[in-house]
Amino acid sequence: MEWPSAYLDEYEKLVMRLTLPRARVDKVGCNNATRVMFDSVRKQGTLLEAIQILTDLDLTIKKAYISSDGQWSMAVFHMTDLDGNKLIDKSVINYIEQSPSKIQYAGFKSIEG
């Protein structure tokens with residue numbers, strides 16, 4: 001039995017929503033830094049892209065925790081600005097929270113090409 005294309009489109013949208021990387025910013029969980037949490041389906045280069053976005057914003061990574069269960073990965077970064085203060089600039093926080101879409105759609109070439 002073949003599924004109608006409308007169902008496949010909805011299924012593809014669901015899979016995409018479930019597998020998109022997410023970023024959350026926690027300003028209150030740590031006294032001396034802002035926590036930035038990225039979680040996503042484990043894919044080659046995702047962690048590198050997340051770190052690149054944070055360093056492009058001239059932020060300092062004080063600590064990082066990375067965990068993976070084989071299919072999913074989560075990275076937690078304790079971040080400060082260049083002066084050692086927690087992040088307070090709303091535009092920077094919003095950019096970080098919107099950045100996973102940049103990671104997802106940047107695309108990586110596989111070994112096969």
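This is a conversation about how to read a predicted protein model.

Colleague: Before we start, what kind of model is this, and how are the residues numbered?

Modeller: It's a predicted model, where local features need pLDDT of at least 70, side-chain atom pairs count only at pLDDT 80 or more, and totals for chains, interfaces and linings use all residues. Residues are numbered from 1 along each chain as its sequence is written, and side-chain values use heavy atoms, with hydrogens and water left out.

Colleague: Fine. How many helices and strands does the protein have, and in which pattern do they follow along the sequence?

Modeller: Helices here are DSSP runs of H or I with at least four residues, strands are runs of E with at least two, and both are numbered from the N terminus. The protein has four helices and four strands, and reading along the sequence gives α-β-β-α-β-β-α-α.

Colleague: Which strands does β4 join, and how do they run?

Modeller: Two strands pair if DSSP finds at least two bridges between them. Strand β4 (residues 72-80) is joined to β2 (residues 34-41) by eight bridges, and the two run antiparallel. Eight bridges also join β4 to β3 (residues 60-68), again antiparallel. Take V76 in β4: M37 is its bridge partner, and Y65 stands opposite V76 as well.

Colleague: What about the hairpin of β3 and β4: which residue takes a positive phi there?

Modeller: That's G70, with phi near 105 degrees, in a hairpin that has three residues between the strands. Most residues other than glycine have a negative phi. Now look at D58, a residue other than glycine whose phi is positive, near 55 degrees. D58 sits in the loop between α2 and β3.

Colleague: Is D58 buried, partly exposed or exposed?

Modeller: Buried means under 20% relative accessible area, exposed means over 50%, and partly exposed is in between (1.4 Å probe, protein chains only). D58 has a relative accessible area of 46%, so it is partly exposed. Across the protein, buried residues make up 27% of the 113 residues.

Colleague: How many aromatic pairs does a search of the whole structure find?

Modeller: Rings of Phe, Tyr and Trp (its six-membered ring) pair if their centres lie within 6.5 Å; planes under 30 degrees apart are stacked, over 60 edge-to-face, and the rest tilted. The search of the whole structure finds one pair. The ring centres of F38 and F77 are 6.1 Å apart with planes at 75 degrees, so this is an edge-to-face pair. Since F38 is in strand β2 and F77 in strand β4, the pair ties together parts 39 residues apart in sequence. F38 is buried at 7% relative accessible area, and F77 is buried at 1%.

Colleague: Which residues touch the most other members of the largest nonpolar core?

Modeller: In soluble globular proteins, nonpolar side chains tend to be buried together. A nonpolar core is a set of buried Ala, Val, Leu, Ile, Met, Phe, Trp, Tyr and Cys residues joined through side-chain atoms within 4.5 Å. Of the 14 residues in the largest one, V36, F38, L54, L59, M79 and I96 touch the most other members. The elements giving two or more residues to this core are β1 (22-26), β2, α2 (46-56), β4 and α3 (90-98).

Colleague: What is M79 in contact with?

Modeller: Contact means heavy atoms within 4.5 Å. Leaving aside neighbours within four places in sequence, M79 contacts A33, T34, V36, L54, L59, T60, I61 and L87. T80, in strand β4, is buried at 1% relative accessible area. With residues up to four places away not counted, T80 touches N32, A33, L59, T60, K62, N85 and L87.

Colleague: And the helices: which residues of α2 and α3 are buried?

Modeller: An α-helix has 3.6 residues a turn, so residues three or four places apart point the same way. In α2, T46, A50, I53 and L54 are buried. They fall within an arc of 95 degrees seen down the axis, so they line one face of the helix; the arc is that of the directions from the helix axis to the C-beta atoms. The face of α2 turned away from this buried side carries the exposed residues L48 and D56. In α3, V92, I93 and I96 are buried. Their arc is only 100 degrees, which puts them on the same side of α3, while K90 and Q98 are exposed on the other side.
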